[in-house]
Amino acid sequence: MKPESPPAATALPDSRGLNLFTADPDFDDLLGLYLEPELHRHLRPHLETLGALAGGELDELALTADRNPPKFHSRSRSGEDRQWIEKHPAYRRLEEVAFSEFGLAAMSHRAGVLGWPRPLPPIAKYALTYLYVQAEFGVCCPLSMTDALARTLSRFADPSLTVRYLPGLTSQDMDTLTQGAMFMTEQAAGSDVGATATRAVQDEDGWRLYGDKWFCSNADAGVALVLARPDGAPAGTKGLSLFLLPRRLEDGSDNRYRIVRLKDKLGTRDMASGEIRLEGATAYLVGDAQRGFVQMADMINMSRLSNGMRAAGMMRRALTEALFWARHRVAFGRRLIEMPLMRRQLLKLILPAEAARSIMLYTAIQLAAADGGDEAARRRVRLLTPLLKFRACRDARRVTGDAMEVRGGCGYTEEWSDARLLRDAHLGSIWEGTSNIVALDVLRAIRKEQAMPALLSAFPGDAFVEKAGTFASAADEAHARQAASALYYAVAAAILDREGLKLPRRRALAALVRQYRLEPRDPLQSARPEFEELLEA
Ligand SMILES: Cc1cc2nc3c(=O)[nH]c(=O)nc-3n(C[C@H](O)[C@H](O)[C@H](O)COP(=O)(O)OP(=O)(O)OC[C@H]3O[C@@H](n4cnc5c(N)ncnc54)[C@H](O)[C@@H]3O)c2cc1C
């Protein structure tokens, strides 16, 4: 019998197995600029390992977990009333890599994670999570909330509360890990947090909460921070107090709240977001009862920063995939990347992805300085956080969609990462404050917290930053988004220029940002055909 001929080599290039760290050498170059040399050397093998996982095992797990969303149960087969959320083993493994193997939620809070003798600085956490999120977005929500909750607790809570809960929040052992959550949104109180109706009632045993929380991601978390209004407290955000809500009481029994149902969502399909009814739940007051919202704002800002970082990571994944496809896919006898029109489209993906990455790294450095007591750095972080959350999350929507198109029809199917990435990317702009709310927060940071002089002082003499700063300082509500976008891109270009002193490609990126985002353009004229070097591997 004639042997069967071998199958023809496929015409579709497959990026599975690509190391997402080494496939993006600019990232390591940038880390060389921003990290202390010793820490850079120490982290590099971990980044390489995570890059390989993200382009291989984690990517496959994320696809599987996405297809197998969590299931909510409220009764055992023998009729016992008991609530639990069943999570697919693929999601469990994704959690294990993030929380346990890489200690991403713990590394800012204690020494010893990844063998480093001190708590790792924010930039280490952001660099590693930036890689992780390129494979999986859903787990990053519990991860970020656990990390941010540990920070808020350490800063504001009574030490007895911190001593009790911090070890669990920073554990790398999945059996002793306590994950965190933030239950704030109610049906009538989303953006308008001051309308919160959840009641806090104090009796001889402590505080009890009554109310309905409408969006609760990581719904079965071990502890959550909750905003509630003590009886008799004033209306608005001023009357809100912050509480720590444990899932289990000290005797091991369930706390008095119920998960009512899980949300059926467009993205983050593998992570359980639910609705929760508080029925006299035991909770512990965190910090000053009159400053509940201000304290919660610390957690919200940390989550917003993390959100911006994740948007940057998702854009990078989209870009890496688009570049890979364009370099290997052939049409009309040429590789896609050789075609002038495709090259121009790829530049449009590079611009927002690189702007977000540079702002993220710069903000991480400022955050470390702020936590060390530098007041100007604190004000910069206050302004950079909503800038990044607003603009990077919006850009991620477009970049993930356009990168999907680079892969053509395959990009639209669920076997590749593109569709999931696109669905997940749309969430960034909605949770932790919608685009409008976060852009308005940029104006608030400028007006109420005098953050602009601190930002300007970091880029002396930069005409675009000054001009965008003047525009944003005078902007009215209706133009908050325009002002935030202008300031974001002006700052991005200034940071890219600075990076360009050591890494010349970054200077070309700065020029690209200014040409396409800050300078006036005539729609009836061709742009200068520059920036070709940005498409070289
Ligand atoms: C998947 C998912 C998970 C979530 N997880 C959590 C969670 O874990 N914990 C939690 O507390 N919340 C969570 N949320 C809730 C989320 O943070 C809110 O949905 C969001 O803050 C918006 O609130 P809202 O839905 O009530 O919209 P609304 O506040 O009703 O806003 C509707 C629209 O009005 C606009 N708007 C409102 N005020 C203004 C204004 N002053 N000027 C201009 N425009 C305005 C908004 O920008 C928005 O476009 C989650 C949401 C989603 C989708």
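Where is the place of Phe332?

Modeller: The place of Phe332 is in the loop between strand S10 (330-331) and strand S11 (334-335); helices (H or I, at least four residues) and strands (E, at least two) are DSSP runs, numbered from the N terminus. The model is predicted, so local features need pLDDT of at least 70 and side-chain atom pairs count only at pLDDT 80 or more, while totals for chains, interfaces and linings use all residues. Residues are numbered from 1 along each chain as its sequence is written, and side-chain values use heavy atoms, with hydrogens and water left out.

Phe332 is not a glycine, yet its phi is positive, at about 50 degrees. Because its relative accessibility is 82%, Phe332 counts as exposed (buried means under 20% relative accessible area, exposed over 50%, partly exposed in between, with a 1.4 Å probe and protein chains only).

Leu114 also has a positive phi without being a glycine, with a value near 55 degrees. This residue lies in the loop between helix H4 (89-101) and H5. Leu114 is buried, because its relative accessible area is 12%.

Further loop residues can be described in the same way. Gln134 is found in the loop between helix H5 (122-132) and helix H6 (140-156). With a relative accessible area of 1%, Gln134 is buried. A polar atom of the Gln134 side chain lies 3.3 Å from the backbone oxygen of Tyr130. Ser76 is found in the loop between strand S1 (71-75) and strand S2 (81-86), and at 11% relative accessibility Ser76 counts as buried. Along the chain, Ser76 and His426 are 350 residues apart, and their C-alpha atoms are separated by 36 Å.

Ala11 has its place in the segment before H1 and is exposed, with a relative accessible area of 56%. Leu285 is found in strand S9 (residues 273-285) and is partly exposed, because its relative accessible area is 27%. From C-alpha to C-alpha, Leu285 and Leu225 are 9.7 Å apart, while in sequence they are 60 residues apart.

Charged side chains come next. Side chains of opposite charge can pair when their charged atoms come close. The structure holds 51 salt bridges (a salt bridge is a side-chain nitrogen of Lys or Arg within 4 Å of a carboxyl oxygen of Asp or Glu). One of them joins Arg316 and Asp24, with the closest N and O atoms 3.4 Å apart. This pair links distant parts of the chain: Arg316 is in helix H8 (residues 292-328) and Asp24 is in the segment before helix H1 (25-34), 292 residues apart. Arg316 and Asp24 are both buried.

Asp81 forms a salt bridge with Arg75, and the closest N and O atoms are 2.7 Å apart. Both of these residues, Asp81 and Arg75, are exposed. A further salt bridge joins Arg199 to Asp231, with the closest N and O atoms at 2.8 Å. Arg199 lies in strand S4 (residues 199-203) and Asp231 in the loop between strand S6 (223-230) and strand S7 (241-246), so this pair ties together parts that are 32 residues apart in sequence. Arg199 counts as partly exposed at 39% relative accessibility, and Asp231 is partly exposed with a relative accessible area of 45%. Elsewhere, salt bridges that share partners join Arg16, Asp59, Glu60, Arg317, Glu321, Arg407, Asp418 and Arg420 into one network.

Finally, Arg344, Lys348, Arg517 and Arg521 form a positive surface patch. Patches are made of residues with over 30% relative accessible area and no salt bridge, like charges being joined within 9 Å and nonpolar side chains (Val, Leu, Ile, Met, Phe, Trp, Tyr) within 5 Å. Because its relative accessibility is 32%, Arg517 counts as partly exposed.

Notes. Accessible areas come from the Shrake-Rupley method with a 1.4 Å probe; for residues, only the protein chains shown count as cover. Lys and Arg count as positive and Asp and Glu as negative; His and the chain ends are not counted. The place of a charge is taken as NZ of Lys, CZ of Arg, CG of Asp or CD of Glu. A polar contact is a pair of N or O atoms within 3.5 Å; within protein, one must be able to donate a hydrogen and the other to accept it, and residues adjacent in sequence count only if both atoms are side-chain atoms.
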